[in-house]
Amino acid sequence: MAEVPLTFPYDEAQRLEPHLPPLSTRLTNSQATEEPSSLPFVTLTFATSLDSALSLGPGIRTALSGPGSKAMTHYLRSRHDAICVGVGTAIADNPGLNCRLAAADQSLDSSPPKGGLPFETAVTTRQPRPIVIDPMLRWDFTSASKVMQLARAGKGLAPYIITAVPEPPAAKEKLLNELGGKIIPLSQLPAESSTEPSRRRFDWRAILAAVHDEGLHSIMIEGGGEVINSLLSSDNSELLDSVIVTLAPTWLGQGSVFVSPPRKTGADGQSSAVARLTNTTWIPLGEDVVLCGKIAR
Ligand SMILES: NC(=O)C1=CN([C@@H]2O[C@H](COP(=O)(O)OP(=O)(O)OC[C@H]3O[C@@H](n4cnc5c(N)ncnc54)[C@H](O)[C@@H]3O)[C@@H](O)[C@H]2O)C=CC1
Ligand SMILES: Nc1nc(O)c(N)c(N[C@@H]2O[C@H](COP(=O)(O)O)[C@@H](O)[C@H]2O)n1
């Protein structure tokens, strides 16, 4: 069944604006040029329950956002060049990772005031580039995967897959390339305690630099649990420019996938909070509330 295009109120979009990448960083077709390597604007965004759960279990797609906050997420997708998930999410959710807001100037449900903020350029039919972090190429995507179907239908973009596998299967790479996606090779961090290749990770700075090297100047990172917890850790949270969390009025219970980053312990052995948001904005949307803020430095 065809999905009904989403709309997002203009007033709510205005309240989000201070937490979004500057409009000047949004790509236009003519801007995909080479620049000295730096990092994109990074928004970490996800939906949680009252017990800080993302889903009922690692392999379980779980709807938390109500209609209003779901439209907000799609507005965010319209405002970023790229959208990123870990392979656990790609496998569990078979996600579309496209923007399903109504096209162009109909996507906000009231018009911007004359001479007002430039939302007519903020909301476009442009689609974010899906980025999947998949060091061992575990995601067994096919042409029937939702993201591939949407790319084929011109309703989204094919993914870029960041991997450490030196020689990806030719058939997978061909399918990706035909739809405009690609494999991006990246070296993993040296193993710390484990030499098991599947446990080795990329440095987030290297991931973000690789994304920026593709001409993608802003990225929203949606999850899942491992991705969010590692980005909120004290090693990585400085990479986050903005955090936007949808809080749904429900408890998922034990056994869920939780947002709970590793504890920060000082040299004296004392624990302290891992991270805190500042400059916060709380936006009620239907039965949910959306919390926007910056990591306090
Ligand atoms: N409520 C929400 O907003 C969201 C919920 N989810 C849920 O989260 C669950 C999936 O979470 P997880 O199982 O934790 O999977 P995940 O999506 O965080 O993926 C974890 C995998 O990604 C790769 N990875 C992540 N960071 C890496 C790095 N720095 N270097 C190299 N590889 C890296 C590794 O292969 C790792 O095993 C699903 O149930 C999904 O439905 C996912 C996104 C948003
Ligand atoms: N904002 C938000 N609310 C929820 O309730 C969710 N379960 C998620 N999940 C994220 O959205 C992806 C699904 O995207 P499509 O609708 O298939 O395009 C999923 O993979 C998670 O990243 N997000």
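The following questions and answers concern a predicted model of a protein chain with its ligands.

Residues are numbered from 1 along each chain as its sequence is written, while chains are lettered from A and ligands numbered from 1 in the order in which they are written. In this predicted model local features need pLDDT of at least 70 and side-chain atom pairs count only at pLDDT 80 or more, whereas totals for chains, interfaces and linings use all residues.

Me: How many helices and strands are there in the protein chain?
Reply: Helices (H or I, at least four residues) and strands (E, at least two) are DSSP runs, numbered from the N terminus. On that basis the protein chain has eight helices and 13 strands.

Me: What percentage of the 297 residues of the protein chain count as buried?
Reply: A residue is buried if 20 or more other C-beta atoms lie within 10 Å of its own, exposed if 12 or fewer, and partly exposed in between, with C-beta atoms placed from the backbone. By this criterion the buried share of the 297 residues is 38%.

Me: Within what arc do the buried residues of helix 7 fall?
Reply: In helix 7 (residues 204-213), W204, I207, L208, V211 and H212 are buried. Taking directions from the helix axis to the C-beta atoms, these residues line one face of the helix, since they fall within an arc of 135°.

Me: Which helix gives the most to the shell around ligand 1?
Reply: Of the 29 residues around ligand 1 (C-beta atom, placed from the backbone, within 6 Å), G86, G88, G223, G224 and G225 come nearest. Among the elements that each supply at least two residues of this shell are strand 1 (41-48), strand 7 and helix 8 (225-231). The most, five residues, comes from helix 3.

Me: Which helix and which strand each supply at least two residues of the shell around ligand 2?
Reply: Ligand 2 is surrounded by 16 residues, the closest being A47, L64, S65, P95 and G96. The elements that each supply at least two residues are helix 3 (87-93) and strand 7 (218-223).

Me: Which peptide bond is cis, with omega near 0°?
Reply: G224 lies in the loop between strand 7 and helix 8. The cis bond runs from G223 to G224.

Me: Is N279 buried or exposed?
Reply: N279 is in strand 12 (residues 277-285). Its phi is positive, about 50°, although N279 is not a glycine. With 12 C-beta neighbours inside 10 Å, N279 counts as exposed.
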